[in-house]
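Please consult the sequence and structure shown here.

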Amino acid sequence: MSADAASSTTTPFTHPAKLDSCVPGFIGAYLFNASGKATSLPDTELAAAFAAGQGWIWLHLNLADRRCPRWLVQTVGIDPAVATDFSEPSPRQVVTAKNGVLLGFLADFRREFDTDPSEPAALSFVLGRNFVITGRNRAVQSAEQLRRLIARGAAYATPTDFLIALVSQFADKLDTTMHELLDEMEIIEDHILDERHRGERRRLMLLRRQAAMLHRHMRAMRRALLLADRTIPDFPEGFHSLTSRLHNLDQDFEMLEARARFFHDEIDAKLTAETNRQLYALSALTAAFLPPALVAGLFGMNFAWLPWQNTAYGFWIAVMLCIVSSLGVLIAVRLIGRN
């Protein structure tokens, strides 16, 4: 790779599309030669590169610019229906063959300037014989990761190889995030075993929510790729390894969610047992104070012939009756608890 090309690949794909660009929604583009080495393409040379037909081109677009479909039809020669579908967000993940190209809508992860969150985002792509065009409405991590790999000298001989590498970035991030969730699960398990589970229920709830969200998007991607493999003739065989990896991740996520449910039930059981102990203590105290309340109520009635009302020791006799009755109830409760 030339020095100019190496220096031009250092700009991350996190800047907004240039409003004054001659390519609507332009974020970045690369021209790959026969050996798979990439050279950065400025927007002013993109139309000429498509017309020359030498090597193959990766173009990354911001689909928030509604002029993208017209430019793709006029410059790249994409079918108008494909260009329209490509620029419109899809409600589900799907890969289809349409008018000689492979059109897909798959999940990705959002990219921010200061961090890479695990929040999913949408990635659209069009795979042709000599180009890969990707688009998004919000910055995605896969495009930035591929840009970094290209800057380090990564080579992709064909558009199909590049697209497989691009989609595989989602699986890489899933794998990393799943291991982070497993580490969090281990910490929660240690706290549960040490009876330090005061705030672990909320942490576990957030973990289960994140795992379920990621698992949902991962299953949708795997289902879309398997359906495309069964229905599209000459579907790239390189996706088979990716679907196998997603299958393994599917099993790992199921195991993670099963452990999360088990620990959730364990925390609920411990909280229930603690609540029962507190209710038992409260019930014992309530039962212990009932007989003294009865005695006090009897001796507090303003009737004649109350025993010991005219004696010097009547008050202390009533107090002793209260104490003896409370002790009797406590002993009875203790015996019942042992049985």
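In helix H5 (residues 141–151), the buried residues are Gln141, Ser142, Ala143, Glu144, Leu146, Arg147 and Ile150; buried means under 20% relative accessible area, exposed over 50%, and partly exposed in between (1.4 Å probe, protein chains only). Helices (H or I, at least four residues) and strands (E, at least two) are DSSP runs numbered from the N terminus. The model is predicted, with local features needing pLDDT of at least 70 and side-chain atom pairs counting only at pLDDT 80 or more, while totals for chains, interfaces and linings use all residues. Residues are numbered from 1 along each chain as its sequence is written, and side-chain values use heavy atoms, with hydrogens and water left out.

**Helix H5**
- The cover over the buried residues of H5 includes strands S1 (26–32), S2 (38–40), S3 (56–62), S5 (101–109) and S6 (120–127), as well as helix H6 (159–193).
- Gly153 follows H5 and has a positive phi, near 105 degrees.

**Sheet**
- Seven strands form an open sheet with mixed pairing, in the order S2-S1-S3-S7-S6-S5-S4; two strands pair if DSSP finds at least two bridges between them.
- S2 and strand S4 (94–98) are the edge strands, each pairing on one side only.
- Neighbouring strands of this sheet are turned by 20 degrees against each other on average, direction ignored; axes are lines fitted to C-alpha atoms, for helices over the stretch in contact, and angles run from 0 to 180 degrees between N-to-C directions.
- S6 pairs with strand S7 (residues 131–136) in the antiparallel sense over 4 bridges.
- H5 packs on the sheet, touching S1, S2, S3, S5 and S6 (contact means heavy atoms within 4.5 Å), and its direction makes about 140 degrees with that of S3.
- H6 also packs on the sheet, where it touches S1, S3, S5, S6 and S7 and makes about 25 degrees with the direction of S5.

**Aromatic pairs**
- The structure holds 12 aromatic pairs: rings of Phe, Tyr and Trp (its six-membered ring) pair if their centres lie within 6.5 Å, with planes under 30 degrees apart counted as stacked, over 60 as edge-to-face and the rest as tilted.
- Phe32 and Phe162 form a tilted pair because their ring centres are 5.9 Å apart and their planes stand at 55 degrees.
- This pair links S1 to H6 across 130 residues, and both Phe32 and Phe162 are buried.
- Tyr156 and Phe162 pair edge-to-face, at 5.4 Å centre to centre and 85 degrees between the planes.
- One aromatic cluster comprises Tyr30, Phe32, Trp56, Trp58, Tyr156 and Phe162.

**Cysteines**
- The whole structure has 0 disulfides, a disulfide being a pair of cysteine sulfur atoms within 2.5 Å.
- For Cys22, the nearest cysteine sulfur is that of Cys68, 12 Å away.
- Cys22 is partly exposed at 46% relative accessible area, whereas Cys322 is buried at 17%.
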